[in-house]
Amino acid sequence: MKRINICHLYGNLLNTYGDIGNVMAISHEAHKNGYEVNTKIVTVGDDFNPNDYDFVFFGGGQDYEQSIVQKDLGDKANKLKEFIENDGVLLAICGGYQLLGKYYYDAYNNKIDGLSIFPHYTKNQENSKRFTGPIKIKDSLTGDIYEGFENHGGVTFLSEDQNPFAIVLDGNGNNGLDKTEGFRYKNTIGTYLHGPLLARNEVLCENVFKLIEKNANLSK
């Protein structure tokens with residue numbers, strides 16, 4: 001039987017707001033399409049081989065867990081970049097999204113270096129303000145409408161060369177100013193939408209799986 005290999009990056013440390021539901025949603029979609037699914041947590045001290053996986057999920061966590069992850073990520077940076085540039089399918093939520101960028105600030109306003117795979121950066125809001133609540137967005141590529149829940153104290157700014165994942169219809173998105181939400185590059189999506197995103201938005205889950213299937217069929 002055909003098989004889809006999933007990497008849950010730091011799944012034992014970064015799994016707030018039930019975002020493992022994204023892995024479960026992709027697994028369900030794969031089974032529905034006749035695939036076996038092999039899911040592996042790749043965590044601190046583990047090697048990441050970009051040729052081993054068809055889908056990578058990179059979630060978010062609290063500052064303490066993210067500080068542990070940040071110290072380990074440098075060893076995986078080049079291989080993650082290779083996975084992304086070779087059209088691997090990667091979904092990064094909240095903290096994972098921030099860590100793919102240049103830097104972010106923790107709750108104590110300490111600057112935390114990211115992987116700098118992408119040029120976006122994240123600052124803290126003034127007075128410890130947070131963006132929380134339901135959010136509705138429009139996919140910049142397909143025009144599809146998605147819903148989720150946002151809960152983030154950081155405000156993220158994309159570079160001029162980055163394309164937003166979506167445009168905010170209701171809510172705050174990246175920074176509450178420019179109506180952008182997340183970013184998209186090749187088959188990589190970064191976003192603040194919890195919920196989890198793929199479980200709440202069937203069309204997006206199906207489209208992401210089609211990308212995974214295409215990449216898997218080309219590589220095996």
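The model is predicted.

An open sheet is built from four strands. Their order is β9-β8-β11-β12, and the pairing is antiparallel. Strands β9 (145-152) and β12 (180-181) stand at the edges. Each has a single partner strand, so one side of each is left without a neighbour in the sheet. Strand β11 spans residues 166-170 and is joined to β12 by two bridges. I167 has T180 in β12 as its bridge partner.

The structure holds zero disulfides. C94 takes part in none, and the nearest cysteine sulfur, that of C7, is 19 Å away. C94 is also buried, with a relative accessible area of 11%. For C205, the closest cysteine sulfur is again in C7, at 18 Å, which is too far for a bond. A disulfide would need the two sulfur atoms within 2.5 Å. C205 is buried as well, at a relative accessible area of 4%.

Aromatic pairs number twelve across the whole structure. In one of them, the ring centres of Y35 and F209 lie 5.7 Å apart. Their planes stand at 80 degrees, so the pair is edge-to-face. This pair links distant parts of the chain, 174 residues apart. Y35 sits in the loop between α1 (21-32) and β2 (36-42), and F209 in helix α6 (residues 202-219). Both Y35 and F209 are buried.

A stacked pair is formed by Y146 and F165. The distance is 5.8 Å centre to centre, with 15 degrees between the planes. Y146 lies in strand β9, while F165 lies in the loop between β10 (154-157) and β11. The pair therefore ties together parts that are 19 residues apart in sequence. Y146 is buried, with a relative accessible area of 1%. F165 counts as buried too, at 0% relative accessibility. Elsewhere, ring pairs link Y97, F118, F183, Y185 and Y192 into a cluster.

Notes. Residues are numbered from 1 along each chain as its sequence is written. This is a predicted model: local features need pLDDT of at least 70, side-chain atom pairs count only at pLDDT 80 or more; totals for chains, interfaces and linings use all residues. Side-chain values use heavy atoms; hydrogens and water are left out. Two strands pair if DSSP finds at least two bridges between them. Buried means under 20% relative accessible area, exposed over 50%, partly exposed in between (1.4 Å probe, protein chains only). Rings of Phe, Tyr and Trp (its six-membered ring) pair if their centres lie within 6.5 Å; planes under 30 degrees apart count as stacked, over 60 as edge-to-face and the rest as tilted.
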